[in-house]
Amino acid sequence: MLALSAEGILPKIDYAIFADTGWEPKAVYSHLDRLEREIAKPARIPILRVTSGNIRNDALDPDRRFASMPLYILNKDGKEGMTRRQCTGEYKIKPIKKKVRELLGYPHPARIPRDVFVEQWVGISTDEFHRAKDADVRYMRNRHPLIDMGWSRSDCIRYLSSLGLADTPKSSCLGCPFHGNQQWRNIRDTSPEEWLDVVAFDAAIRQGNARANASGNRLLGQAYLHRSRVPLDEAPIDHVTAAEWAARQQNLDNRASVVEELETGVVDGCSPWACRGAEPESAQGDFGLAS
Ligand code: SF4
C-alpha cells in the first residue's frame, strides 16, 4: 500500500506506521530501511517507527511487566494448553494508537472530539477479506484499499515483483509461536545466528516469564515455542511426525488444515488490525500464573 500510494495508484498517505516489537528478523529491518530509502522518502511519506519495548528482553527481565506471548503449555498432568496472547495488543496496537493520538493532537488521556479521526489503511487482500474489521476506537476509521481494488495475495506479489521487491519478508517476531515449520526451518537454514537466538529464548522461557517467576507466580507446566511442546532444537520441524499425524487424525475433517497450519503457521498470525477469530484458550490464565 505504501508503494501504491507513492506511485500515485492510491491517494497519497500522510504517514506509514511500523510497530516494532524489537525482535523482528534482520531481513525485516533491512527491508523496511530499503522501503524507506527507495519508496517512502522519494514520495515524501514519513515512516514512523513506534514501539512499546523489546518483547524478547521483556519476557526475560524480572523487573519488567510482560504481556504474554501465545506459548504452548504442557501441564504436569500431560494436558496441553496455551497462554493467552497479549503481545499483539501491547507491542503493536498500543504504540500505534499512541502515535495516532499524538498525530491528531490529542495525546492520552485527552478526550478526542467525535469528528476528529484518522483514516487507517489495513493491507488485507481479497483472499482474507473475512479479516477486515472496523477499528475499535472512534478516532480510527479502517479502510481496506487492497480489497477495494479487488487485489488478491497473488496480485500483491506480482506488483511487488514488478518493483523488485519479490523477496519481501513476512513481518513477525523472530520467535513467534505462531510460526509454522516452514518458518522455523527458514530461520534455522538461512540464519544460524537467529536460530541460536530463538533456541536460547525457547529454553529461557520453559518455566514461564521472568517477572512471573520472580513474583512467585510460577507456571505449573512448561512453556514452549513449538506446538509439538518439545524444545525448539529438538522439535520435528522437518516433517510431520507419525505421532502428530496420529493425534491429528482423530479429527479427520480438520486434518488437512491442521497439517497446513503445522507447516505454514497460524493462518491469521499477528496482524494488529485483523485479530484471529478464535484466540487460543488460556491454559492457566495469564502466562506465568500458577493459580
Ligand atoms: S508476532 Fe507473535 S510474538 Fe510477536 S507480537 Fe505478534 S503474536 Fe506476539
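The legends below describe close-up views of a predicted model. Local features need pLDDT of at least 70 and side-chain atom pairs pLDDT 80 or more, while totals for chains, interfaces and linings use all residues. Residues are numbered from 1 along each chain as its sequence is written, and side-chain values use heavy atoms, with hydrogens and water left out.

**View A. His31 in helix α2.** His31 belongs to helix α2, residues 26-40; helices (H or I, at least four residues) and strands (E, at least two) are DSSP runs numbered from the N terminus. His31 is buried at 13% relative accessibility, where buried means under 20% relative accessible area, exposed over 50% and partly exposed in between (1.4 Å probe, protein chains only). Leaving aside residues up to four places away in sequence, His31 touches Leu165, Thr168 and Pro169; contact means heavy atoms within 4.5 Å.

**View B. Arginines over aromatic rings.** Arg141 lies over the face of Phe117, 3.5 Å from the ring centre. Arg101 lies over the face of Tyr139, at 5.3 Å. A charge counts as over a ring if NZ of Lys or CZ of Arg is within 6 Å of the ring centre and within 35 degrees of the ring normal.

View C. His108 and Pro109 are joined by a cis peptide bond with omega about 10 degrees. Pro109 sits in the loop between α4 (87-104) and β5 (118-121).

View D. Most residues other than glycine have a negative phi. Arg44, in the loop between α2 and β2 (47-50), has phi near 55 degrees and is exposed at 71%. Arg229, in the loop between β7 (222-224) and α10 (242-248), has phi near 60 degrees but is buried at 9%.
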